[in-house]
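Keep the structure open as you read.

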Amino acid sequence: MGFKCGVVGLPNVGKSTLFNALVETAKAQAANYPFCTIEPNTGQVAVPDPRLDVLGRLAKSAILVPTQLIFVDIAGLVRGASKGEGLGNRFLAHIREVDMIVHVLRCFADSNIVHVEGRVDPLADAEAVETELMLADLESLERRIPAANKRAKGGDEDAKAEIALMEEALAALREGRPARLAITDPEKQEALKRLQLLTGKPVLYVANIDEGASASDAAPQRIAAKAAAEGAGFVTISAAVEAEVAEIADPAERQAFLDALGVTEPGLARLIRQSYALLNLLTFFTAGPKETRAWTVRAGARAPEAAGVIHTDFEKGFIRAEAISYDDYVACGGESGAREAGKIRVEGKDYVVQEGDILHFRFQVS
């Protein structure tokens, strides 16, 4: 199960610098964690989680395997992309394939890096990108509704529900509102995802600031206010600094560099965690002498679905799950201690997996 985060923005806002820092960070982790670059513009990045080290130590695991997110560096967008300007069509097609959007907004001034529109105005940048996405969604829906109407007239009940949702999204888009802000009913969220609307995806705004700038400066604060009003994510990062940090292979040197900057952790770690949270994901673990591994599953998933993340046979032949909460596992000093203390629960098919569960699945395949 790979969850993709598309890194987008206008040209020369620091988007690729940020992506490259993510990739370099992943390479630095390769000594401990598996890493692969799927394509030149795609990389898998570990989700920082200190619990993994704790569990691995208690389980005396030979290796640790974190859960991961896929980040995709998507070609810079320009005005008119919805009509094919620049790399418009390719840009929009790539966004359609991701699960969420990491929108990089330029808050730094640099005469050597020319802004595509000759100014530094992050909110105007956000509006330019959002407008192109809304125009593309409008065109897409207007093209798809006639075909859905034909299916509905033929008695397709699913098509009737789809038309109602598409018309609701169209009305919002014509008013200048993205689909994610207009359609907030939880019961409609899964159907909205199936429409694959560009403006239906969760958004994380990244304020890309100068090295000496602060999150409390005017530009990042305006972005933060926009994110809060939309229910979107927000993080402040200096992509240039993150690129420097990512190139420091030695952990002690890296920490010394961060200490000198007065920060406790790289901004990329916050970006990765916020992306994970915005996708409404949770982590469960498997732990043993061979390995301790973190797994990703959507929040609200039941035990068989979580088992299927490990292997499809686990889901097909699911019998039960043995579950230990993270706190109980640590307090009891590992699995054997938890068993002696009666902290291992036997859960069936209806069990909703909880954040931090350590799970062992029982299954049988005929």
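Which residue forms a salt bridge with Arg143? The partner is Glu139, with the closest N and O atoms 4.0 Å apart. A salt bridge is a side-chain nitrogen of Lys or Arg within 4 Å of a carboxyl oxygen of Asp or Glu. Side chains of opposite charge can pair when their charged atoms come close.

This is a predicted model, where local features need pLDDT of at least 70, side-chain atom pairs count only at pLDDT 80 or more, and totals for chains, interfaces and linings use all residues. Residues are numbered from 1 along each chain as its sequence is written, and side-chain values use heavy atoms, without hydrogens and water.

Stay with the pair. Both residues sit in helix 4 (residues 122-153), four residues apart, about one turn of the helix. Helices (H or I, at least four residues) are DSSP runs, numbered from the N terminus. Arg143 counts as exposed at 54% relative accessibility, while Glu139 is partly exposed at 39%. Buried means under 20% relative accessible area, exposed over 50%, and partly exposed in between (1.4 Å probe, protein chains only).

Next, Glu162 meets Arg151 in a salt bridge of 2.8 Å, N to O. This pair links distant parts of the chain: Glu162 is in helix 5 (residues 157-174) and Arg151 in helix 4, eleven residues apart.

Now find helix 8 (residues 218-230), which holds both Lys226 and Glu230. Their side chains form a salt bridge at 2.7 Å, N to O. Glu230 is buried, at 18%. Shared partners join Glu130, Arg180, Lys226 and Glu230 into one network of salt bridges. The whole structure has 21 salt bridges.

Note on methods: Helix = DSSP H or I, 4+ residues; strand = E, 2+ residues; numbered from the N terminus.
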